[in-house]
Amino acid sequence: MSAQPAPAALLNGTKEVLRVVAAGSVDDGKSTLIGRLLYDSGSLLKDQIDAVARASEKRGEEELDLSLLTDGLIDEREQGITIDVAYRYFATPKRKFIFADVPGHEQYTRNMATGASTADLGIVVVDALKGMTRQSRRHLYLLNILGVERVIVAVNKMDLAGYSREVFSAIQDDLAAFADRIGLENVLVIPVSARRGDNVVHPGTNMPWHAGPPLLELLESVPAAAEGEPGPLRFPVQGVLRPRRDGGVPYRLYAGQLKSGAVRPGDEVVVHPGGLRSRVREVRVFEGELPEAAAPRSVMIALEDELDVARGSLIAAAEEPPRLSDELNALLFWMAERPFDPDRTWLLKIGARVERARVAAIHARLDVDRQAEEPGGAVGLNDIARVTLRVQNPIAHDPYAENPATGAFILIDPDTNDTVAGGTICP
C-alpha cells in the first residue's frame, strides 16, 4: 500500500513530519475537524477561504463549512461525505503534518486501510451525541491491527452536547474498556467542537473542566514513530545513472529515497537480490557530495564494487540486513470488486521490487465487527485475511511492525495492472 506522495518541500528541511490518519463514522465531523485545524492555525490562503465561503453560501450555509477544505471530490461535496482518501499538508512553527482524511462508510474500509498504512498517529472522531458506535470500534480495531501505535480519540460536537462533562466521561469510560479489550495502548481522549473551534487549535472556554491541551498542541508534542528510532538503512533503488568521474571514467550512481536509517561513505552494505556486499563510496545529491544522509532524503549512492544493481534492488545495512524468504505471512486487505481467486498468480510489489506470487493459504478472515477471526473461507471486497504468500523468488523484507517501508506490499493483477490488494508482513 502507498499513500499519495507528499510534496518534496514538505519532506525536506529540519522540522519533523508527522503522518496522521483521521477516521470516524459518517457525519461525526472529521473533515470539519481537519478544516478547523487548517483554518485556526492560519494555514490557509485567502483564495482558499474565499472559495470555501462561496461554496458554503451556494449550499445555503450561514457559516463557513470547513469540511469542504478536505471533501474535494464533487460527489463528496454534493453528498456531504468523504469517499476517497483526501490528503492535506500543513506546517506549524514546531512541526509539519500530512493528514489523510479517510472515508467513514463501511464499504470504503480499503481506503481507510490505505490511509492508515503509512500513519504515525490515528485520530478517531466520535460524535458526542452518538457515543462510541460500531464504526468507531471498527476504526480503532483496524488502527490497532495495522500497527498505528498512537491514537487520539476526539469527542466532537461537544457544543451540541451542552459541553457536558458527564457525556464526555461516559464516552471516555466506554473507550477505555474497549481499548483494554483489544489491547490498544497509548490512547488519548479529548473533548472538542470542530464547528466552534473549542480545544482544536485554541483552548476552549466552554469546557473549564478539561485541563488538557488542545488537539494541535497534542499533535505537536506526540513523538513520531521514527523519532529516536531511525531504523537500519533501507534504500530501494529507483534508477541507475552513469555519470563520468572527473569527466573521464563512467561509474554507476544508484538513485532513490532513503526509506529508513542513514548512510555514510565507508558503510558496509548488502544488496538484494543476490546478497552481495560492498561499501558505500559516496553519497550525493545534485548539489554535491554529502558526509551523511538520513531518511526520508532522496540521494544518489555509489558503491566501491561493480555489482549487478538495478531498479528494484534494495541496498541495506550489512549489520542489520532485511529478512530474505520466498514465503511471507501477511495480513491481506482485498480491494478489488471481484472476489479473490485462489488459483491465480499476482505481482507482489514491495518498494520498487516486483515478483510473481500466489496465496498459498488463507488461515483466517478477520471479522472487524466482532473483533474476532473466522477460519479460512472466501475473501471479498474490504475483507482482511491472515494468509501465507509464496513468492517466485526470495524477496528482501522486514516485518511491518519493525519497518513499514519494507513491510508493506500491494498485489497487482498482471492482466489489467490493477491493484487488487494491499498487505502488511507479519513476523
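The model is predicted, so local features are taken only where pLDDT is at least 70 and side-chain atom pairs count only at pLDDT 80 or more, while totals for chains, interfaces and linings use all residues. Residues are numbered from 1 along each chain as its sequence is written, and side-chain values use heavy atoms, with hydrogens and water left out.

**The chain as a whole**

The pLDDT, which is the predictor's confidence in each residue on a scale from 0 to 100, has a mean of 85 over the protein chain, and 89% of the residues reach 70 or more. Over residues 1–13, however, the pLDDT is below 50, although this stretch has 33 contacts in the model beyond near neighbours in sequence; a contact here means heavy atoms within 4.5 Å. The chain holds eight helices and 23 strands, where helices (H or I, at least four residues) and strands (E, at least two) are DSSP runs numbered from the N terminus. Of its 427 residues, 53% count as buried, a word that stands for under 20% relative accessible area, with exposed meaning over 50% and partly exposed in between (1.4 Å probe, protein chains only). Among contacts between residues at least 6 apart in sequence, 69% join residues at least 24 apart.

Helix α7 covers residues 165–182, and its 18 residues reach 26 Å from the first C-alpha to the last, close to the expected 26 Å, a span defined as 1.5 Å times one less than the number of residues. Its buried residues are Phe168, Ile171, Leu175, Phe178, Ala179 and Ile182. Seen down the axis of α7, these buried residues fall within an arc of 100°, so they line one face of the helix; the arc is that of the directions from the helix axis to the C-beta atoms. The face turned away from the buried side carries the exposed residues Glu166, Asp173, Asp180 and Arg181. Among the elements that cover the buried residues of α7 are β4, α6, β5 and β6. At the start of α7, a side-chain oxygen of Ser164 comes to within 3.2 Å of the backbone nitrogen of Glu166, and after the helix comes Gly183, whose phi is positive, near 75°.

In soluble globular proteins, nonpolar side chains tend to be buried together. A nonpolar core is a set of buried Ala, Val, Leu, Ile, Met, Phe, Trp, Tyr and Cys residues joined through side-chain atoms within 4.5 Å. The largest such core in this chain has 42 residues, and those with the most contacts inside it are Leu140, Leu143, Val153, Val155 and Met158. Elements that each supply at least two residues of this core include β1, β3, α5 and β17, and α7 gives the most, with six residues. Apart from it lies another core, of 31 residues, among them Leu33, Leu38, Leu68 and Leu69.

Helix α6 has 12 residues and reaches 17 Å, close to the 16 Å expected, and its buried residues include Leu140 and Leu143. Leaving aside neighbours within four places in sequence, Leu140 is in contact with several residues, including Leu175, Phe178 and Ile182. Arg137 is also found in α6, and, not counting residues up to four places away, Arg137 touches Met132, Asp174, Phe178 and Gln371. The C-alpha atoms of Arg137 and Asp369 are separated by 7.7 Å, although these residues lie 232 apart along the chain.

Most residues other than glycine have a negative phi, and most peptide bonds are trans. The table lists exceptions found in this model.

| Site | Feature and value |
|---|---|
| His272 and Pro273 | cis peptide bond, omega about 5° |
| Ala295 and Pro296 | cis peptide bond, omega about 10° |
| Asn186 | positive phi, about 55° |
| Asn199 | positive phi, near 60° |

Pro273 is found in the loop between β11 and β12, and Pro296 in the loop between β14 and β15. Asn186 sits in the loop between α7 and β6, and at 52% relative accessibility Asn186 counts as exposed. Asn199 is found in the loop between β6 and α8, but at 3% relative accessibility Asn199 counts as buried.

How values were computed. Polar contact = N/O pair within 3.5 Å; in protein donor to acceptor, adjacent residues only side chain to side chain.
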